[in-house]
Amino acid sequence: MEIPLFFYRAFFNLFDNACKYGKENGNISVKATMRTDGIEVLLWDDGPGIAEEHIPYIFDAFYRVDKSRSRAMGGSGLGLSIVKTMIEACNGEISVQSDGKSGTCFLAKFSY
C-alpha cells in the first residue's frame, strides 16, 4: 500500500505542533499499531495540554487556543484544520484527548 504525501505532511504538522507547544525538554511519543481493520497512530506530548472547552473547536479553520502565543510563533490557525483534511483524504479520522493539564494525545485511525 502506497502512503500518500498527505499522510506524511499531516504527521509532520502534528509533530511540529508538539515541538512548539510542548514543554521545554519535554517528551513527544509516537506509536503506530496495525489492527485487523486498519492502522492507528498515536502522537502525544507531555506539554500543558489543551483545555476541555477548546477541544470541540481545534480542528476548525482559524481557531486558536492561545491567540497571543500562536501569533508570536507564526501560526495562522489553519494547521489542525489542514491536518484533519489531509487525514480524511487518506480515508482516516483524527481525534484529540487532553485534560488541559498534562499533555495532548492525537489519535489517527486508517481503515483498510
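These are my notes on one protein chain, taken from a predicted model.

**Overall layout.** I began with the secondary structure. I found 3 helices and 4 strands in the protein chain. Going along the sequence, I read the order as α-β-β-α-α-β-β.

**Burial and surface.** Next I looked up how much of the chain is tucked away. The protein chain has 112 residues, and 35% of them count as buried. For the accessible surface I noted about 7300 Å², with 54% of that belonging to carbon and sulfur atoms.

**Contacts along the chain.** I then checked how far apart in sequence the contacting residues sit. Taking contacts with a separation of 6 or more, I got 55% from residues 24 or more positions apart.

**H1 against H3.** How do helix H1 and helix H3 pack? H1 covers residues 5-21 and H3 covers residues 79-89. Their axes lie 8 Å apart, at an angle of about 150°. Angles over 145 degrees count as roughly antiparallel, so I put H1 down as roughly antiparallel to H3. I logged the crossing of H1 and H3 as left-handed.

**Who touches whom.** On the H1 side, I listed Phe6, Arg9, Ala10, Phe11, Asn13, Leu14 and Asn17 in the contact. H3 brings Gly79, Leu80, Val83, Met86, Ile87 and Ala89. What is the make-up of this contact in nonpolar, polar and charged residues? I have it as 9 nonpolar, 3 polar and 1 charged.

Technical notes. Residues numbered from 1 in each chain as written. Predicted model: local features only at pLDDT ≥ 70, side-chain atom pairs only at ≥ 80, totals over all residues. Heavy atoms only, no water. Helix = DSSP H or I, 4+ residues; strand = E, 2+ residues; numbered from the N terminus. Buried < 20%, exposed > 50% of the residue type's maximum accessible area, 1.4 Å probe, protein only. Contact = heavy atoms within 4.5 Å. Areas by Shrake-Rupley, 256 points an atom, 1.4 Å probe, with all protein chains shown as cover. Axes fitted to C-alpha atoms, helices over the stretch in contact; angles between N-to-C directions. Parallel < 35°, antiparallel > 145°, perpendicular 65-115°, else oblique. Left-handed = near helix turned anticlockwise from the far one by under 90°. Nonpolar A, V, L, I, M, F, W, Y, C, P; charged D, E, K, R; others polar.
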